[in-house]
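Trainee: I would like to go through this model with you, one question at a time.
Mentor: Go ahead, and keep the questions specific.

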Amino acid sequence: MSDYMKVYEEWCKSSFFDADTKEELVVIKDDEKEIRERFSCDLEFGTAGLRGIIGAGTNRMNNYVVARATQGLANYIIKCNAQDRGVAIAYDSRNFSPEFSDIAARVLAANGIKAYRFDTLRPTPELSFAVRYFNCIAGINITASHNPAKYNGYKVYWEDGAQITPPHDTGIMDEVKAISVTDAKIISKEEAEAKGLYITIGTEVDDVYCKEVEKQVIHQDTIDKYAKELKIVYTPLHGTGNLPVRRVLNELGFENVYVVEEQEKPDGNFPTVPYPNPEAREAFDLALNLAKEKDADLVLATDPDADRLGVYVKDAKSGEYMCLTGNMSGSLLAEYEISQTAAVKGLPADGKLVKTIVTTNLADMVARAYNVELEECLTGFKYIGQRILNYETTGVGTYLFGFEESYGCLIGTYARDKDAVVATMALCEAATYYKSLGKTLWDAMVDMYEKYGYWKDAITTITMEGLDGIAKIKSIMTALRNTEISEIAGYEVLKVRDYSNDTIKDIKTGNVTPTGLPSSNVLYYDLSDDAWLCVRPSGTEPKIKFYYGIKGTSLSDADKKSEDFAKAVQEMIDKLEA
């Protein structure tokens with residue numbers, strides 16, 4: 001009998017597992033492939049925590065896997081002698097999020113660690129804020145971000161409010177790997193509350209969090225003058241953004257905010273969208289219909305945990321709603337925040353604009369224009385949070401703005417994760433500012449292109465689910481590392497960065513220099529004419545991603561060059577998969 005069948009039978013027979021779990025497992029007793037998928041490995045506790053399909057099994061998201069992860073976290077906190085600091089816990093609208101967060105709180109309490117758990121669903125950035133507000137050693141957020149409804153996840157934060165980075169990520173991973181699901185300690189909620197180790201938190205944190213968001217406004221004067229003329233359509237996509245987004249906009253003076261009724265209420269099944277991703281055009285179908293009905297100026301969508309923002313803006317000339325990618329909206333906000341900070345109070349001499357390595361080079365142009373230093377970090381907003389912490393601890397560097405291509409940014413340092421609530425507020429503020437100049441947000445975007453060049457960035461994503469998919473992704477990365485590539489889509493390869501080996505190789509000279517960033521399974525190709533390609537497996541989904549960017553002389557030229565590049569990338573993928 002295979003090892004995974006033995007584990008499966010143990011889950012079916014042991015009195016440790018509940019009746020509902022056993023009932024679910026009986027259904028698959030004749031499906032060996034499904035048993036293998038669920039039990040041949042543990043759901044990996046990666047550098048951001050857990051993310052997986054909800055269900056029974058060691059390779060699924062369930063009460064037992066969550067309890068094991070939390071016990072590992074508790075063991076690490078105790079090793080750090082930080083058990084007196086406590087842990088903040090939040091959760092989103094996904095199925096089983098309340099239950100998983102309760103399990104986490106009770107496991108922490110069983111280990112003598114105080115848990116501050118929100119009373120209802122909250123956005124990810126508010127959890128980041130709460131970690132620092134309560135001076136906690138760590139934070140836990142139960143969310144799978146924008147993944148399909150069958151997923152849930154478990155993100156871990158450290159005391160600075162950012163998701164865990166070295167050495168804490170590997171330290172916690174080692175503790176989780178060292179134990180099994182049966183090793184987790186747990187007590188009842190009643191016992192935990194009686195011991196003062198299970199604290200339910202509510203509006204107190206909401207109030208101070210929203211005030212911190214509102215402090216980031218630069219031009220309250222243009223909001224006061226033009227907000228009443230601005231029409232905004234907003235959808236929380238059945239997630240956590242509805243209350244904080246509407247509250248902040250209302251308190252600042254935005255009166256014409258129309259919420260998509262069908263997507264207003266939290267619902268972990270996400271019945272109106274294939275999956276709740278503000279990057280996807282279909283996620284905006286209902287919002288765009290409402291926008292046309294209301295003649296809205298901008299259309300906004302936050303993902304379920306409200307850390308990412310999707311945007312459409314109206315082009316007054318054509319009457320069409322134009323999609324702003326994460327690179328576009330991030331660049332637009334970077335330009336607005338930095339230029340207006342400079343105009344209102346001046347920029348610090350050590351100001352920093354931070355982006356990830358797969359984010360548009362348009363950001364580099366913005367930094368150069370305002371004599372601000374651009375810093376690059378690995379993919380994942382936690383690395384931007386790490387830079388903020390470094391500026392604080394060293395006293396060198398002042399954070400001005402940070403963003404990544406995947407629709408996430410942060411204004412201010414009250415939180416250490418991307419925040420769609422503040423991004424929504426800032427875009428609405430920017431809309432009033434540009435309206436005072438007789439322009440729309442789309443006009444402002446086109447002005448940027450005219451000023452810096454028509455940069456266009458895109459991504460080709462290949463999904464490879466299951467254990468076979470993991471093996472295939474690994475083989476693709478290996479094949480790329482073993483292949484000398486001289487040109488991509490007609491662009492000459494100038495340098496190859498291998499972040500796994502910490503090398504940057506100059507193709508013409510053969511010189512090799514270090515990347516200067518932590519090890520990561522990423523390949524990056526610097527190409528001629530300012531083009532680039534980056535390949536990396538996703539850290540949270542069963543996908544491999546091909547990011548790329550080009551610069552054109554006009555919108556149509558950039559579109560054509562990007563389309564040609566996309567075809568070349570697909571041909572590359574087909575060869576790698578063959």
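**Cores, helix packing and loops**

Mentor: Start with Tyr525, which touches Leu480, Ile485, Ile488, Val493, Lys495, Val496, Ala531, Trp532, Leu533 and Val535, leaving out residues up to four places away in sequence. Bear in mind that this is a predicted model.

Trainee: Which residues touch the most other members of the largest nonpolar core?
Mentor: That core holds 121 residues. In general, nonpolar side chains in soluble globular proteins tend to be buried together. The residues with the most contacts to other members are Tyr525, Leu533 and Phe565.

Trainee: Are α13 and α16 roughly parallel or roughly perpendicular to each other?
Mentor: Two packed helices are described by the angle between their axes and the distance between the axes. Helix α13 covers residues 326-344 and helix α16 covers residues 420-436; their axes come within 10 Å and cross at roughly 65 degrees. Angles of 65 to 115 degrees count as roughly perpendicular. The two helices are therefore roughly perpendicular.

Trainee: How many nonpolar residues does the contact of α13 with α16 have?
Mentor: From α13, the residues in contact are Leu332, Leu333, Tyr336, Glu337 and Gln340. From α16, they are Ala423, Ala426, Leu427, Glu429, Ala430, Tyr433 and Tyr434. By class, one residue is polar, two are charged, and the nonpolar ones number nine.

Trainee: Is the crossing of α13 past α16 left-handed or right-handed?
Mentor: Handedness is given for the way α13 passes α16. This crossing is left-handed.

Trainee: What is the angle at which α9 and α16 pack?
Mentor: Helix α9 covers residues 203-214, and its axis lies 10 Å from that of α16. The angle is about 40 degrees, and that makes α9 oblique to α16. α9 passes α16 in a right-handed crossing. To end on the value, the packing angle is about 40 degrees.

Trainee: Which residues in α16 does α9 meet?
Mentor: On the α9 side, the contact uses Tyr209, Val213 and Glu214. By class, the contact has five nonpolar, no polar and one charged residues. The partners in α16 are Val421, Val422 and Met425.

Trainee: Which elements do the buried residues of α14 pack against?
Mentor: In helix α14, residues 362-369, the buried residues are Leu362, Ala363, Met365, Val366 and Ala367. Just after α14, Asn371 takes a positive phi of about 55 degrees. The packing partners of the buried residues are α13, β12, β13, β14, α17 and β16.

Trainee: Is Thr21 buried or exposed?
Mentor: Thr21 is in helix α2, residues 19-26. Leaving out residues up to four places away in sequence, Thr21 touches Trp11, Ala56 and Tyr64. Buried means under 20% relative accessible area. Since its relative accessibility is 10%, Thr21 counts as buried.

Trainee: What separates the C-alpha atoms of Glu229 and Thr432?
Mentor: Glu229 is in the loop between α10 and β7, and at 46% relative accessibility it counts as partly exposed. Leaving out residues up to four places away in sequence, Glu229 touches Asp297 and Lys435. Glu229 and Thr432 are 203 residues apart along the chain, and their C-alpha atoms are separated by 8.6 Å.

Trainee: Which residues does a cis peptide bond join?
Mentor: Most peptide bonds are trans. Here omega is about 5 degrees for a bond whose second residue, Pro167, is in the loop between β5 and α7. The residues joined are Pro166 and Pro167.

Trainee: What phi does Asp530 have?
Mentor: Most residues other than glycine have a negative phi. Asp530 is in the loop between β21 and β22 and is partly exposed, with a relative accessible area of 40%. Asp530 is not a glycine, yet its phi is positive, at about 65 degrees.

Notes:
Residues numbered from 1 in each chain as written. Predicted model: local features only at pLDDT ≥ 70, side-chain atom pairs only at ≥ 80, totals over all residues. Heavy atoms only, no water. Axes fitted to C-alpha atoms, helices over the stretch in contact; angles between N-to-C directions. Helix = DSSP H or I, 4+ residues; strand = E, 2+ residues; numbered from the N terminus. Parallel < 35°, antiparallel > 145°, perpendicular 65-115°, else oblique. Left-handed = near helix turned anticlockwise from the far one by under 90°. Contact = heavy atoms within 4.5 Å. Nonpolar A, V, L, I, M, F, W, Y, C, P; charged D, E, K, R; others polar. Core = buried A, V, L, I, M, F, W, Y, C linked by side-chain atoms within 4.5 Å. Buried < 20%, exposed > 50% of the residue type's maximum accessible area, 1.4 Å probe, protein only.
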